[in-house]
Amino acid sequence: MTRFDYAGRTALITGGAGGIGCATALAFAQAGANVVVADISSSGAEVAERIVAAGGVASFVRCDVTQIAQVTALVEHCVQNYGALDFAFNNAGIEEENARLADSDEALFDRMMAINVKGVWACMRAQLRVMQAQARGVIVNTASVAGLVGAPKHAIYGASKHAVIGLTKSAAAEYGRAGIRINALCPGVIRTAMFERVVQQGLADEQGIRRLHPIGRIGEVEEIAGTVLWMCSEQAGFMTGHALAVDGGYTAV
């Protein structure tokens with residue numbers, strides 16, 4: 001991974017307990033950042049402990065991103081403990097759908113929209129208030145290739161990720177002159193513990209999924225983490241309001 005120097009900077013990662021979020025938290029720590037790991041699961045504390053054990057600076061905040069008071073407290077924790085909020089990776093989300101639209105469930109719709117859409121909106125709202133006062137900051141929101149193209153049997157998920165991209169573009173247009181860059185990250189299928197469970201349960205065919213990506217393989221969490229760090233860097237300083245596909249060519253065909 002390209003070496004970035006984020007010493008003295010503070011990065012907040014939601015959904016940081018595992019998968020892409022965990023890999024990104026560790027990557028920010030390796031780059032010298034103060035890292036705030038947020039997750040509804042207390043296992044996020046283990047990620048923060050790994051960072052501290054390796055000589056880094058990190059803390060864990062248990063946060064349900066659908067709860068405004070908890071999100072507000074999370075962002076306040078960043079400022080009170082580290083003096084600023086430089087980078088925010090709004091990565092918390094769920095994907096619990098495998099049905100055609102007519103067979104989909106109202107409760108799942110409400111849950112998906114609450115976490116994937118309201119959660120990103122709530123986090124950005126709190127983060128932007130701090131970043132606007134600082135006159136600087138970078139926000140990266142996790143969308144998906146399902147936010148760029150149709151997603152059969154994942155219509156609700158796809159709708160939620162299209163909404164994330166809409167929030168991202170609108171906020172980027174509003175806050176660009178305030179010194180804040182806001183982009184969306186759109187991964188293809190990435191090898192995570194959740195993906196492995198789905199394959200083991202027979203709900204997905206790994207070989208078939210590989211064939212969906214012209215590059216011929218599944219993505220790795222470290223590749224997504226490296227992209228997030230680049231998106232937060234000055235090397236990406238002229239990019240805002242963009243939905244970046246990191247998908248092995250999934251959306252190219």
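This is a predicted model: local features need pLDDT of at least 70, side-chain atom pairs count only at pLDDT 80 or more; totals for chains, interfaces and linings use all residues.

Me: Ok, helices first. How do helix 3 and helix 4 cross, and at what angle?

Reply: Helix 3 is residues 68–82 and helix 4 is residues 106–134; their axes come within 9 Å and cross at roughly 35°. The crossing of helix 3 past helix 4 is right-handed.

Me: Which residues make that contact?

Reply: From helix 3 you have Ile68, Val71, Val75 and Val79. Helix 4 brings Trp121, Ala122, Cys123, Arg125, Ala126, Gln127 and Val130. By class, the contact of helix 3 with helix 4 splits into 9 nonpolar, 1 polar and 1 charged.

Me: And helix 1 with helix 2, how far apart are the axes?

Reply: They're 10 Å apart, with a packing angle of about 20° between helix 1 (residues 19–30) and helix 2 (residues 44–53). Helix 1 and helix 2 are therefore roughly parallel to each other, since angles under 35 degrees count that way. Helix 1 also passes helix 2 in a right-handed crossing.

Me: What touches what there, between helix 1 and helix 2?

Reply: On the helix 1 side it's Cys22, Ala25, Leu26 and Ala29, and they meet Val47, Arg50 and Ile51 of helix 2. The classes in the contact of helix 1 with helix 2 are 6 nonpolar, no polar and 1 charged.

Me: Switching topic: how many residues are in the largest nonpolar core?

Reply: There are 40 residues in that core, and Leu12, Leu128 and Ile182 have the most contacts inside it. Strand 2 (34–39), helix 3, helix 4, helix 5 (155–175) and strand 6 (180–187) each supply at least two of its residues.

Me: Which element gives the most to this core?

Reply: Helix 4, with 11 residues.

Me: Now single residues. Where does Pro187 sit, and is Pro187 buried or exposed?

Reply: Pro187 is in strand 6. Its relative accessibility is 7%, so Pro187 counts as buried.

Me: How far is Pro187 from Asp247?

Reply: The two are 60 residues apart in sequence but 5.2 Å apart in space, C-alpha to C-alpha. Pro187 touches Asp247, and also Ile20, Ala143, Ser144, Val145, Ile224 and Val246, not counting residues up to four places away in sequence.

Me: And Tyr82 versus Val117, how far apart are those two?

Reply: They are 35 residues apart in sequence and 27 Å apart in space, C-alpha to C-alpha. Tyr82 lies in helix 3. Beyond four places away in sequence, the residues Tyr82 touches are Thr10, Asn34, Val35, Val36, Val57, Ala58, Ser59 and His77.

Me: Last one, Glu206: buried or exposed?

Reply: Buried, because Glu206 has 16% relative accessibility and the cut-off for buried is under 20%. Glu206 lies in helix 7 (residues 206–212).

Me: Who are the contacts of Glu206?

Reply: Arg191, Phe195, Val199 and Ile218, not counting residues up to four places away in sequence.

Technical notes
Residues are numbered from 1 along each chain as its sequence is written. Side-chain values use heavy atoms; hydrogens and water are left out. Axes are lines fitted to C-alpha atoms, for helices over the stretch in contact, and angles run from 0 to 180 degrees between N-to-C directions. Helices (H or I, at least four residues) and strands (E, at least two) are DSSP runs, numbered from the N terminus. A crossing is left-handed if the near helix is turned anticlockwise from the far one by less than a right angle, and right-handed if clockwise. Contact means heavy atoms within 4.5 Å. Ala, Val, Leu, Ile, Met, Phe, Trp, Tyr, Cys and Pro count as nonpolar, Asp, Glu, Lys and Arg as charged, and the others, Gly among them, as polar. Angles under 35 degrees count as roughly parallel, over 145 as roughly antiparallel, 65 to 115 as roughly perpendicular and the rest as oblique. A nonpolar core is a set of buried Ala, Val, Leu, Ile, Met, Phe, Trp, Tyr and Cys residues joined through side-chain atoms within 4.5 Å. Buried means under 20% relative accessible area, exposed over 50%, partly exposed in between (1.4 Å probe, protein chains only).
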